Each structure stands twice: as structure tokens, then as C-alpha cells.
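User: I would like to learn how to read a structure like this one, feature by feature. Could you take me through it slowly?

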Amino acid sequence: MNKIRIIARIDINNDSVVKGKCLEGLRKIGKPNEMSKKYYEEGIDEIIFLDAVASLYDRNSLINIIKQAAKESFIPITIGGGIKTIKDIRDALSAGADKVAINTHAIKNIDFVKEAVEMFGSQAIVGSLVARRHRYRWEAFIDNAKHRTNKDAVEWALELEKAGVGEIMITSIDNDGRQKGFDIELMNSITRLVKVPIIASGGAGSSNHIIDLFRNTNCDAVAIASLLHYEIENLKEIKNKLISNDIDVRI
Amino acid sequence: MNIIILDYGIGNVQSIKNALKIFGIKGILSSDRDDILKADGVIFPGVGAFKKAMMELRSRGLDETIKQYIKTKKPLLGICLGMQLLFDSGEEFGKSKGLGILQGNVWKLPILDDEKLPNIGWNPLIKSDISWSNTVLDNVTINENMYFIHSYVCNPLDKSIVLANAKYGNISFCASLKYNNIYGCQFHPEKSSTAGLKVIENFINIVHQEQL
């Protein structure tokens, strides 16, 4: 198994980094490029920028942020939020992004994902799956967790894999921003069936939660936000803690 | 110094430009034959599908231009698919012919029980018997982690061109190569943090030495 990847997840509204709970009540907590540069210098493995409101208000405010980040941070950069045309993807990649994460428009039109994969390659397309728990199953949500789809999250993950995405990022709406750990069952229900790399998102409040995730799931990467943004632990501490628990990361 | 980044409408080339700029070099995107043949060094980027990339190269006449450039013996750095395309053939979406500059083929990694595909992540470079001095890996620490994102690997016929290998499960594959003045990296130096930037800097130095 490869080293696990620690990814900084930076949700953005206009030109500010925002964070809430369960993807709601978003508060402004910093500047995207200041934070991405800091995390790069501290040794983050990747950066994901997500435009928190793009799919609701039909705009794409990330291009300038991506351009700046790509000048300062020589690691993979993913952009998501409001991606709905081949041109959106082309613009993101030519600004310096390596991958785009697609949720809403993938659910609305899976052929769009297939077309994007054919055009840019699997490695450039991340399926973004945002799920809410209903007892023992999970439902996929769109528009930054605002709207339900009646789609089963596990079945949807399989459809994304079949459409050719190179990775799937799974965000648990229930656990997002609560800093109480990941939805291990959700991750397992998907990694059991899907062979593409999985990025787990939603719930990291300490390095122990990340250790718990990798001991109990077959995920490949973790996207963290609160843990870094609120400086609960710094990246060095997190990585050292993982290594001392036999979880292989890049130092 | 004039470094051209081959432009054939594929992938994120902005990051390669940005990486060159860190070392004061303005990388120029071009698919123009005269520009390329006049260049002091060429970077051949690439992500995505082999067959489609070959079609894009041919439609711009770049397949012939690259072969002519290689004959000038000036330095070239192929990155990821850019390295793979230098080989005889690839098997992505059915067998297709590559540029045939290097002997060997490109094949898909198998799905293994404990591994995921695409192979994505930071993997250490395992040194071959070939010396790294005066190559793109000069002064790169042995076992340094580089960022890989791929499902295909190249299999050079001549193993003496392999500078470093990397592992996918128990499978060892070519991570970097040198054949005359042709260099290749399966990983993305422009995405491998300071260790990757060292590779870019080394390539600039190689180009610079050739100019003297």
C-alpha cells in the first residue's frame, strides 16, 4: 500500500476560507492563498480548494486563487465547486490545477464525467461524493449538501468508478466540522466495493481520528480542514503521530 | 536560455512553467517546428491517454518535430505520459504506436488486492546501478519521495537506461531514465515539492552545460 496522503481541504466563499458544521453555518476564517502556502511549507501532500457556493449561485470564483497557489505550491492541486462544462475543467487545468472534483453536475449528467475522463484522463477527474446517513444507508447530496438526490451513496460511488474517475472523495455531511472522527462505516461500505483511491473527508478533530480512520478502513487519503485551520494540531505533529502509529506518510 | 514546453493541448503545463520560473527561466509553450528545433532544451509533458496524446501530437506534426529535435542531441525531459510516448508502443484503449525513440513498450499495471489503481501518491525512488551525477537526479536523496499519478508504466528493453525504479505493490517499474540526452520521469517533478524542483533545476543545469 502507498503512503497515505494528507490533503488540506480549503472551502471557499468569494475570496475567504470558510468552515462550518455539517457544511452549514459557514464562517470566514482566513485567506485561501495564505493558508495554502502555509500548509505547503509545512509539508502538506495535496491541496483541495472547494468553492462552497458555486453550484448554488452559478459562478466560479476560484481561478485566480488557483493561479496564485500553483505559483507557490508545487504539489497536486484539486479544484471543485460548480464545475459543469468541459470549458470549466480546461480553465481550471490551464490555471494550474491538476484535478477537478465534480459532484452536482456528475449526478445531473454522468455522461459529463465520462466525457471529461475521455478528454482529460482519469487522473484529472475526482468524483466528489457528499453523503448523509439514514440509519444503515447513506444518500448522496448535491449543491454543497443542500439538496437530496434519492441516490444511494454506495451505488453512486460504483457509478462514478464505472464512469472512469481516478479518485473519489467521500464527505460525510453528518461528521463534517464536528471534529468527532470520521464516518468509518460509510468509508468501509464504499472501499469494500470500489478499487479507485478513496479520500475520506469530514470529522478530523485530532490525529487520533486519522489513526482510527486508517486502522479501520482501506482509504488512501484524508482531507482535513478544522484540524489545520483552527491550529488544533500542526501538520508536523500530525505526521509524526501517524508514523509512531505505523501509518506511513511522507515526511 | 530557451526552454520549450511542448504544447499539444494536454494537461496542466502551467505548473511546469511556474517551476521553471522559480529558477529564473521563462518556459515557452509551443508546437511550432522552428521554435522547437531552435530550443536549447525541451520539456515533453503529458497526462491522460496514450492513444489520444499520439493523435494530438500527429495532428500538430509534433511527432516528426520531436524526432528531429532528438537528432540534434539537445536535452529533452519527458514527464509521465511524455516519457511513455517516447517508446515503441502503448496499450491504453487498444495497442497504439508511440514515437519509437526508445525501445520498449508501455503497459497497464494490474489490479492487486492491496493496491488501488490509478497508482496515486508519494513513492520513494529506488536507485539503479547507474550513477545519478550529471543527470536530472543529481543530488536528489536516495529514497526521496516523489508524486506519482498513473496506471501505465514503461518497460524499456535496455535496462541500462533506468536511473531509478519505484514500486507498486511488489511490482518494480521504471521511475526515471536517461538515454543520451533524453531524460524521463514517471513521477511529476513539478508536483513533488522541493525534491521535484531539484529535478527541474538539474534539467536546467544540463541544458546550460550543453550551451557552453
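Analyst: Let us start with contact, a term we shall need throughout: two residues are in contact if their C-beta atoms, placed from the backbone, lie within 7 Å. This is a predicted model, in which local features need pLDDT of at least 70 and side-chain atom pairs count only at pLDDT 80 or more, while totals for chains, interfaces and linings use all residues. Residues are numbered from 1 along each chain as its sequence is written, and chains are lettered from A and ligands numbered from 1 in the order in which they are written.

User: What confidence values does the predictor give for the complex, and what is the average pLDDT of chain B?

Analyst: The complex has an ipTM of 0.94 and a pTM of 0.95 from the predictor. For chain B the average pLDDT is 94, and 99% of the residues score at least 70; pLDDT is the predictor's confidence in each residue, from 0 to 100.

User: How should I read two helices that pack together, and at what angle do α4(A) and α6(A) pack?

Analyst: Two packed helices are described by the angle between their axes and the distance between the axes. Axes are lines fitted to C-alpha atoms, for helices over the stretch in contact, and angles run from 0 to 180 degrees between N-to-C directions. In chain A, helix α4 (residues 86-95) packs against helix α6 (residues 110-120) at an angle of about 40°, with the axes 10 Å apart. The two helices, α4(A) and α6(A), are therefore oblique to each other, given that angles under 35 degrees count as roughly parallel, over 145 as roughly antiparallel, 65 to 115 as roughly perpendicular and the rest as oblique. From α4(A) the contact takes Ile86(A), Ile89(A) and Leu93(A), and from α6(A) it takes Glu115(A), Ala116(A), Met119(A) and Phe120(A); by class these are 6 nonpolar, no polar and 1 charged residues.

User: How are α3(A) and α4(A) oriented, and which residues of α6(A) meet α7(A)?

Analyst: The axes of helix α3 (residues 63-72) of chain A and α4(A) come within 8 Å and cross at roughly 30°, and α3(A) and α4(A) are therefore roughly parallel to each other. Ile63(A), Ile66(A), Lys67(A) and Ala70(A) of α3(A) meet Asp91(A), Ala92(A) and Ala95(A) of α4(A). For α6(A) and helix α7 (residues 153-163) of chain A, the axes come within 9 Å and cross at roughly 35°. There Ile110(A), Val113(A), Lys114(A) and Val117(A) in α6(A) meet Glu159(A), Leu160(A) and Ala163(A) in α7(A), which divide into 5 nonpolar, no polar and 2 charged residues.

User: How do I read a sheet, and in what order do the strands of the 8-stranded sheet of chain B run?

Analyst: Strands of a sheet pair through backbone hydrogen bonds, either parallel or antiparallel. Two strands count as paired if DSSP finds at least two bridges between them. The open sheet of 8 strands in chain B has the order β2-β1-β3-β4-β14-β13-β12-β9, with mixed pairing, and its edge strands are β2 (28-30) and β9 (126-127). Within chain B, strands β3 (residues 41-44) and β4 (residues 76-79) run parallel and are joined by 3 bridges, with Val42(B) opposite Leu76(B) in β4(B). Another open sheet, of 4 strands, has the order β6-β5-β7-β11 (chain B), again with mixed pairing. Strand β7 (residues 102-108) of chain B runs antiparallel to β11(B), with 5 bridges, and Val106(B) stands opposite Cys154(B) in β11(B).

Note on methods: Ala, Val, Leu, Ile, Met, Phe, Trp, Tyr, Cys and Pro count as nonpolar, Asp, Glu, Lys and Arg as charged, and the others, Gly among them, as polar.
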